[in-house]
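Student: Could you take me through one part of this model in detail? I would like a close look at the salt bridges, and at what surrounds them.

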Amino acid sequence: MTSSEKLGWKSLPIGGVVLEAGSSLEYKTGDWRAFRPLVDKGKCVNCLLCWIYCPDSAIVRREKWVEVNYDYCKGCGICAHECPREAIKMVEEIR
């Protein structure tokens with residue numbers, strides 16, 4: 001039995017601690033969402049309110065509109081709620 005096995009849970013790193021800087025891109029967190037945002041590029045005026053309010057930085061800025069990086073989007077709907085043009089709507093995630 002190794003020393004870490006003897007310690008059990010005590011050998012785990014402390015939660016909420018970033019052990020390595022810049023590692024957040026390694027952890028794709030969008031797998032568990034029930035709804036996903038769809039952007040209507042015809043309505044989007046690139047005001048970037050969705051980009052500002054997205055808590056997961058899943059909104060990607062493009063030249064004339066925004067896109068959603070579904071690898072990180074958790075489907076919270078804040079982007080759709082904040083969009084003044086109603087260019088983003090939440091749809092059920094189908095896998």
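Tutor: Happy to! Let's begin with Glu93, which pairs with Arg33 in a salt bridge whose closest N and O atoms are 2.6 Å apart. Keep in mind that this is a predicted model. Glu93 lies in the segment after strand E4 (88-92), while Arg33 is in the loop between helix H1 (3-7) and strand E1 (35-39), so the pair ties together parts that are 60 residues apart in sequence. Both Glu93 and Arg33 are buried.

Glu93 also meets the side chain of Arg36 in a salt bridge, at 3.7 Å from N to O. Here Arg36 belongs to strand E1, so this contact links parts 57 residues apart in sequence. Glu93 counts as buried because its relative accessibility is 16%, under the 20% cut-off. Arg36, with a relative accessible area of 24%, is partly exposed.

Arg36 has another neighbour to look at: its charged end sits over the ring of Tyr70, 5.7 Å from the ring's centre.

Elsewhere, Arg62 forms a salt bridge with Glu67, with 3.2 Å between the closest N and O atoms. Both are partly exposed, Arg62 with a relative accessible area of 41% and Glu67 with 27%. Returning to where we started, salt bridges with shared partners join Arg33, Arg36 and Glu93 into one network. The count for the model comes to five salt bridges.

Terms used:
Residues numbered from 1 in each chain as written. Predicted model: local features only at pLDDT ≥ 70, side-chain atom pairs only at ≥ 80, totals over all residues. Heavy atoms only, no water. Lys NZ or Arg CZ within 6 Å of the ring centre and 35° of its normal. Salt bridge = Lys/Arg side-chain N within 4 Å of Asp/Glu carboxyl O. Helix = DSSP H or I, 4+ residues; strand = E, 2+ residues; numbered from the N terminus. Buried < 20%, exposed > 50% of the residue type's maximum accessible area, 1.4 Å probe, protein only.
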